[in-house]
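Here is a short report on one protein model.

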Amino acid sequence: MINEAWESVPEHTLKRCWRKLAPYLENVDQSNDSGSATVTELNGLLKQIPGCGNYEEDDISSWLDCEADDAGFQMMSDDEIIAQVRKPNSDDDNSESDEDEVIETSKISNPDAFECFAKGLMWLEQQTDSDSTELMLLKPLRDRAAKRRQSYLRQNKLPFKPM
């Protein structure tokens, strides 16, 4: 139904609707149906836009050709995009995952965690914009680290072998 409504809109209606939105486009050659404009036409359009009139045709040509040499811009089909997304371990992802692995493999000890939470709480208490709810959220974490630190410091039972 939407497709039928869109197809029923005449082409001249679409062309005329731009007259109010961009009146400077009204002087463009209407017979040019190829969809491309010449550098001279673009230069004429730029001169009609306030603040854009001081460009030469060489500048416009270089702007139009700037993407021709861009190796990063690719036109891909839907299937190619899906294959790229599903591709495991792309080169860009490897560098990021290596950094994550370093963080994951280093284990933080209970005394270090307690010390960090204690210093964080002292810092938070010194801030003028902190409120009591933030403190109440961090204190249980500090207390948990303190309990685990105590269990770490406790001497475990040594196996006793009679002589």
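The sections below go from the whole chain to single residues.

## Basis of the model

This is a predicted model, in which local features need pLDDT of at least 70, side-chain atom pairs count only at pLDDT 80 or more, and totals for chains, interfaces and linings use all residues. Residues are numbered from 1 along each chain as its sequence is written, and side-chain values use heavy atoms, with hydrogens and water left out.

## Overall fold

The protein chain has eight helices and zero strands. Its pattern along the sequence reads α-α-α-α-α-α-α-α. Both element types are DSSP runs, numbered from the N terminus: helices are H or I with at least four residues, strands are E with at least two.

Of the 163 residues in the protein chain, 8% are buried. Buried means under 20% relative accessible area, exposed means over 50%, and partly exposed lies in between (1.4 Å probe, protein chains only). The accessible surface of the chain is about 14900 Å², and carbon and sulfur atoms hold 54% of that surface. These areas come from the Shrake-Rupley method with a 1.4 Å probe; for residues, only the protein chains shown count as cover.

Contact means heavy atoms within 4.5 Å. Among contacts in the protein chain with a separation of 6 or more, 32% join residues 24 or more positions apart.

## Salt bridges

Side chains of opposite charge can pair when their charged atoms come close. The rule here asks for a side-chain nitrogen of Lys or Arg within 4 Å of a carboxyl oxygen of Asp or Glu. The count is two salt bridges.

E115 pairs with K119, with the closest N and O atoms 3.3 Å apart. Both sit in helix α7 (residues 110-126), four residues apart, so about one helical turn separates them. E115 is partly exposed, at 41% relative accessible area.

R142 and D143 form a salt bridge at 3.2 Å, N to O. D143 is partly exposed at 36% relative accessibility. R142 is partly exposed too, at 24%.

## Around F114

Which residues does F114 touch, not counting those up to four places away in sequence? They are R142, A145, A146 and R149. F114 itself belongs to helix α7. From F114 to D143 the C-alpha distance is 7.9 Å, across 29 residues of sequence.

## Around N43

N43 lies in helix α3 (residues 39-48). Its relative accessibility is 8%, so N43 counts as buried. Setting aside neighbours within four places in sequence, N43 contacts Y55, E57 and I60.
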